[in-house]
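Here are my notes on this model, written for a first read. Keep the 3D view open as you go.

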Amino acid sequence: MGQIFYIDTWQERFGLNTGGTRNKKVYVNPDDNQPYYFKQSFKKPGKDYKYEFWSEIIAYELGEMCGFNILPYHIAIRGNEVGCISKSMHHPENEELVEGGRYIQAFDNTFNPKEVKLRHQYSFDLIIHSLEFLGLKKYYKDLIEVIVFDALIGNSDRHQENWAIINKNTGISNSLSIIEFILSNEKHYHELPDWFKKLLRKMLTKDGKIKVEFKRARLSLPRKTRFAPIYDSGCSFGRELLDEKVIEYLKDPNSIERYVKKGLSEIHWKEKKVSHFVLLENLLKEEPFKGMVQDSLKRVIERFNPKQFRELISQIDVHLPPECEYIKIPSERKELICKLVLSRFESLKELMENKIK
């Protein structure tokens, strides 16, 4: 069962950020002097996903049970704020976390995730071709692991900033990193001497953007790399459902099945949004991904324990202090989370059995 971190005395650290839809504050743990990311549930006018941070913690516990390489998330309390906390996946002093979108843009500089009309471009094929282009085919299996895990938890937000590769810096890559930062920061750029700005302009296009050749070189240089643990899985387990809807679903088992089947993967297939199960079904027809999917599914089927998972969910918030009672997960929502995961597990099991026949 997860830990509770009381972080009132931890010092906030600025300048360390990752992508994603939720703001993360960085605090330094005085026990190990390492940065930790603290985040709370998504909230804005008209949307309050009160229990969303629990999804990260549940995803971690479930991922551990099923043998995934997943970033640990624990409960954190700072004053009257409650959220989840995770230790930095990399050492900022000598490593760099490079999110997937940067690899995709180094391969295809027309890829623009901010343009809604172009989001269909974010497909499995595009990711695979980007990794291949940059000599990173060895991470195909890691990507498949992420897709299988998302199918188990119903994650709808595995966008290009929610998976990454960690690079170990070298002298050259450090220098290029500094240059890229300067080119991307107008203030720092204008403070440079004219002769140096003239030199750097050779790395820019006519419209002032960093040349794609530079981006490719920047990402191809590191020789020591590793695929980052699975992280940012909060958009899962029906976290957006209001309490009234949760109760309504529990009264109608068919509505749970419909909800599970209509859940879509953010990673497209042939530029179309499909369900997690259709995406996996398609991958089971493709070499070399077929064997990778089967290996991952087999391990999940062997290791997932419904009884153990129910116990985990029932106990996940019992150690919260009295002043945090308001953020405990209602019993009805816990029951729905169990039913959603079990339904998804059965669908994955069926997918595997049908492929073996």
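1. First, the ground rules. This is a predicted model, where local features need pLDDT of at least 70, side-chain atom pairs count only at pLDDT 80 or more, and totals for chains, interfaces and linings use all residues. Residues are numbered from 1 along each chain as its sequence is written, and side-chain values use heavy atoms, with hydrogens and water left out.

2. Look for the open sheet of 3 strands, in the order β9-β10-β11 with antiparallel pairing. Strands here are DSSP runs of E, at least two residues, and helices are runs of H or I, at least four, numbered from the N terminus; two strands pair if DSSP finds at least two bridges between them. β9 (95-99) and β11 (225-227) each have a single partner strand, so one side of each lacks a neighbour in the sheet.

3. Now zoom in on β10 (residues 164-168), which is joined to β11 by 3 bridges. Ile-165 sits opposite Phe-227 in β11.

4. Helix α2 (residues 100-107) lies across β9 and β10, at about 70° to β9. Angles run from 0 to 180 degrees between N-to-C directions, with axes fitted to C-alpha atoms, for helices over the stretch in contact (heavy atoms within 4.5 Å).

5. Which residues have the most contacts inside the largest nonpolar core? They are Trp-54, Ile-58, Leu-62, Phe-124, Leu-280, Leu-283 and Phe-309, in a core of 91 residues. Helix α4 (residues 140-153) gives the most to this core, with 10 residues. A nonpolar core is a set of buried Ala, Val, Leu, Ile, Met, Phe, Trp, Tyr and Cys residues joined through side-chain atoms within 4.5 Å, and buried means under 20% relative accessible area (1.4 Å probe, protein chains only).

Notes: Buried < 20%, exposed > 50% of the residue type's maximum accessible area, 1.4 Å probe, protein only.
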